[in-house]
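I am opening the notebook on this structure. My plan is to take it piece by piece and write down what I look up.

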Amino acid sequence: MTTADSPTRIRDFGTVGTVIMAVLCVAAGGGLGYFVYQDGLAGLRNTYTNPLQLLETGSHYLATMVIGLLLVGLTTALAIVNRIWSMDRMILFTTGMLLVADVIPGLSTLLGMLLLGKLFGNILKKGDAHWPLSPTGIAVLLILIAYSTTFLNVESPVSSLANFLPRIPYIVLALFLPIAVNTTRKLEMLVDYFILAALLSLGVELIQGVASAATGQIITFAGEGFETFEAPWGATARLTGLMTHPNRYSNVASTVGIIVLWFALQPKELITRQRRIAMWVIFVLLVIGVLFSWSRSGWMSFGLAAMMVPFFRWPHLSPIFLGVGGFLLFVGLSTGFLEMVYEYVRNLSRSSADFRWHIDQIGLQAFFEHPTIGIGVEGTKDYFNAYELQVHNAPIQVLADLGMVGVVAFGTLLLTVFSTLLRVVTSPLANPRLRSLAMALGISTIVTFVQGFVEVFLWLKFLWTFIAILGCIYVAFLEDSKGDSKEEPALSPRI
Amino acid sequence: MNQATSIFGAIYRRKHVVLLVMAGSIGVGLYQSAVNPPDFVATSEIMIPADALRLSIGTEEGNIPEDPLLPLQEEGRLIGITSLLRSRSVVIRAAEMLPGMDAQRLKTNIRGDVSKDGVVAYYGYGRTAEEATQIANASVKAFAFVLEEMSDLGMRENLKTFKANEGNAHLRAKETADAISAYLVSLETADIGTDMENWLTERSDIQQKLFELNSQSQQFQAQRPIVETTLQGRPEFVVSRQELSLPGNYTNSLARVATLSTELALTRLKFTDAHPEVLRIQTELDLVRVQAAQNADLVLSASTMMQDKMVASLSQKLVDIDIFEAGFTSQRDIYQARKLELDTLLAEVPGYRQRLTALQMEHNQARSMADKITSRREELEFHLEHGLQFSVIDPYAQAVAERAKQIPTPTGIMMFTSFAGLLLGIFVALLTATFSRMRATRPY
């Protein structure tokens, strides 16, 4: 046993512990060396989505330098903020940024280091660390197993590993995030940081819009091919905020929009007047932000999810909503207005809408011919595919890439996420604030769920970080149920 | 289980489970590899030039200015190639090249892809490297054959269409040319442009003549009263010649003057000027001179009368004025009538020209189309006669057994079994630990 006065040392774990730690250190060193070697060899030439490409194409050792600078910055920041800020807040803020800022490299690695730092720091200081096991985290293990079937499908498994490794840090967040996010208060704090990060991204979007309009050049983080939108009045910039694709930005902004809409409609005992006003203002800003991403899938998913909010907020009024909604639907259909709107939106970029159906067929073909383990992650790009694009439909992507193994893994994950959410929402023991958070985050998943049918979202940082957060809800519920969580007032004044 | 050490401990305590699951996973993987011989995959490539297949309206659109002659194909070229990769035609032909290979089985052993630069890759899967190689190469050959057939067929269909349209196109060109001729005939001109220039020149001349005519008329009107007045004030005839002679006493006086002058000169040689002889002679001389002067007037001896030239000229002028005024009105009317006629013709010129331009354009278009169809027909006939290759099969890009790869690769099997085994082991360890904990807290 160790105490806080006598910090744990490696040798305290005995011979086996010492050997394990030594092996881990050697592996970490070897891994670092391999990374630097690859970075020097290939640089950023093959990572075309990396925003650092904007700075200098094909730079060798640039990623190493960036990560090195991040480490130096992190160390300095930790040294500075340790007196004014906690490690938890660093983790929560980084998580919030990880959700909305694909263009900032190394965030998931940074978050992993912070989480492991907190974990091992506590273990070494106190002899143990509070690390609740999230059921979602367990399900994620199955996802990783399903993913690894790709090694059986490819001619060069090492290349697939090179794609897989950068994804692991954010896929396994479901296991590790509960180290820092395990109470209602921390969840609230995390959601607040998430909203703050979305506002930062919105600010970047505003700058992009103004700069693009002023210079006549497209100034966004989007790559060539989806940076502009052919509107009736001419080519228009598709604003991306801190994301690399306007559709992904719209997804993130819509998700946050649904969360703040839910908060804005909360009963008055759960929210102050000032915070409610703030939520409404943020909601309106996010609606505008989503609009200017010119993402039709984003508009659709945001609209559908927003329409669902009243059903969850006032379920006893559902018949009225259904009646009014049905009447409006009838009027829209009978007058041809809805069809006209649909045709108009569809024709804004018809080819972009149509090619998805072709790729979906390719994905289904791949699944039916390789039903067990599919054809490997991203295998559809080379499978009778003239577009050289991935399947733009998450369920079909799972079927095609991972086959039935993937279906089982993702099915388990979905069941775990929604059963745990349902448990929290329906439990009379649940803290009302936690229940409200669960409702907000749960309803906001509709956005990704809907948009996932027409976009490539399967291996994005946002999705897996969000799944990790959903897992944390159940962890917080269990912690609350034990009655030993040290609750603090809500965090509304902090943003 | 919510403490780090619990989690680590649970895994550590079940390290044998973890290791067993991992070892089992690796063992099963190796066993399966040994029991079930792996498949092999070989890659064979064929290159299709970017424009080879563009025999549809996509190419002809630029050449032929009028309505589409060929069926419109909106599907992308690459998508068309993709759908061809594992078509029944390709698979059956590939199976024919592989003795003992069933077409249905072959279809499941082929995978294909096309890149945006037109490289088609066939992945052949087989039980042996040789079989995979043969499948890949046979697929490429079958694909090239079908592609050639399709492209050739497409060209022949195009040729048929061109031939069917060529006659009509030339007939149309002739009709438009005839329409131009007929129109020119109806205008009674061969060249409306030259005619118009002539009309403009003539009109300008008439305009000038009218101006001169009017000027002349006004000039004569002003002259007439002056001429008439002048004529009235002048006799019709005037003396045109008179003969005059000197009188006889004047001649005598002149002779006396000469005699006296001589006598005076001689006398002065003898005497001074004051001599009475000199004075007498001088006086006499002066007297005679006075007499001569008094008798100096000429005497009209004969005169001739003739008509006054001015009168004659003025009379002629008056006659001219009368003649001019007699013809002025009719001459002016003729000029104005012609001018009006020319104006009418010139006013119609833009319409003529517009119509002619339209006819000419129509003709040019029809002629151009007919010529291009003929040109394309000749071009296609030439190509079909000499033959075309629509794809490139590079021997270096063909599959060879030495380059065939085992699928799954030994590395892939090891990576999968060890990684998945480890994760599964941890999964089982955590699951059993959770169940143990649940049994401990809720034994029922």
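Is helix 18 of chain A mostly covered or mostly open? I looked this up before anything else. Helix 18 of chain A is mostly covered, with 16 of its 20 residues buried. I keep in mind that this is a predicted model.

**Entry: helix 18 of chain A and its partner**

I checked the length next. Helix 18 of chain A runs over residues 432-451. From first C-alpha to last it reaches 29 Å, close to the 28 Å expected at 1.5 Å a residue.

Then I turned to helix 11 of chain A, residues 246-264. Its axis and that of helix 18 of chain A come within 8 Å and cross at roughly 150 degrees. Angles over 145 degrees count as roughly antiparallel, so I log helix 11 of chain A as roughly antiparallel to helix 18 of chain A. I note the crossing of these two helices as right-handed.

Which residues meet there? On helix 11 of chain A I list Asn251(A), Ser254(A), Thr255(A), Ile258(A), Ile259(A), Trp262(A) and Phe263(A). On helix 18 of chain A they meet Met439(A), Ala440(A), Leu441(A), Ile443(A), Ser444(A), Val447(A), Thr448(A) and Gln451(A). By class, this contact has nine nonpolar and six polar residues, and no charged ones.

**Entry: helix 17 and helix 19 of chain A**

The axes of helix 17 and helix 19 (residues 461-482) of chain A come within 9 Å and cross at roughly 40 degrees. Roughly parallel would need an angle under 35 degrees, so helix 17 of chain A goes down as oblique to helix 19 of chain A. The crossing of helix 17 and helix 19 of chain A is left-handed.

**Entry: loops of chain A**

Trp294(A) has one, at about 50 degrees. Trp294(A) sits in the loop between helix 12 (273-291) and helix 13 (296-313) of chain A. Is Trp294(A) buried or exposed? I count 22 other C-beta atoms within 10 Å, so Trp294(A) is buried.

Glu378(A) also has a positive phi, about 65 degrees, and is not a glycine. I place Glu378(A) in the loop between helix 16 (350-369) and helix 17 (394-426) of chain A. Glu378(A) has 20 other C-beta atoms within 10 Å and is buried. The cut-off for buried is 20 or more.

Val181(A) lies in the loop between helix 9 (173-176) and helix 10 (184-215) of chain A. Val181(A) is buried, because 27 other C-beta atoms lie within 10 Å. What does Val181(A) contact, leaving aside neighbours within four places in sequence? I get Lys186(A), Leu187(A), Leu190(A) and Cys472(A). I also logged Asp88(A), 93 residues from Val181(A) along the chain, with the two C-alpha atoms separated by 8.2 Å.

**Entry: chain B**

I moved to chain B, which has 12 helices and six strands. Of its 444 residues, 21% count as buried. Among contacts in chain B with a separation of 6 or more, 83% join residues 24 or more positions apart.

Ile206(B) is in helix 8 (residues 192-232) of chain B. With 19 C-beta neighbours inside 10 Å, Ile206(B) counts as partly exposed. Not counting residues up to four places away in sequence, Ile206(B) touches Tyr335(B), Arg338(B) and Lys339(B). Arg332(B) is 126 residues from Ile206(B) in sequence and 9.8 Å away, C-alpha to C-alpha.

I also checked for a cis peptide bond. The one from Ile407(B) to Pro408(B) is cis, with omega near -5 degrees. Pro408(B) is in the loop between strand 6 and helix 12 of chain B.

**Entry: where the chains touch**

How many residues does each chain give to the contact? I find 36 from chain B and 29 from chain A. On the chain B side, the elements giving two or more residues are helix 1 (4-13), helix 4 (77-85), strand 2 (110-114), strand 6 (405-407) and helix 12 (410-441) of chain B. Helix 12 of chain B gives the largest share of that side, 12 residues. By class, the side of chain B that touches chain A has 21 nonpolar, 10 polar and five charged residues.

Technical notes. Residues are numbered from 1 along each chain as its sequence is written. Chains are lettered from A and ligands numbered from 1 in the order in which they are written. This is a predicted model: local features need pLDDT of at least 70, side-chain atom pairs count only at pLDDT 80 or more; totals for chains, interfaces and linings use all residues. Two residues are in contact if their C-beta atoms, placed from the backbone, lie within 7 Å. Helices (H or I, at least four residues) and strands (E, at least two) are DSSP runs, numbered from the N terminus. Ala, Val, Leu, Ile, Met, Phe, Trp, Tyr, Cys and Pro count as nonpolar, Asp, Glu, Lys and Arg as charged, and the others, Gly among them, as polar. The expected span of a helix is 1.5 Å times one less than its number of residues. A residue is buried if 20 or more other C-beta atoms lie within 10 Å of its own, exposed if 12 or fewer, and partly exposed in between; C-beta atoms are placed from the backbone. Axes are lines fitted to C-alpha atoms, for helices over the stretch in contact, and angles run from 0 to 180 degrees between N-to-C directions. Angles under 35 degrees count as roughly parallel, over 145 as roughly antiparallel, 65 to 115 as roughly perpendicular and the rest as oblique. A crossing is left-handed if the near helix is turned anticlockwise from the far one by less than a right angle, and right-handed if clockwise.
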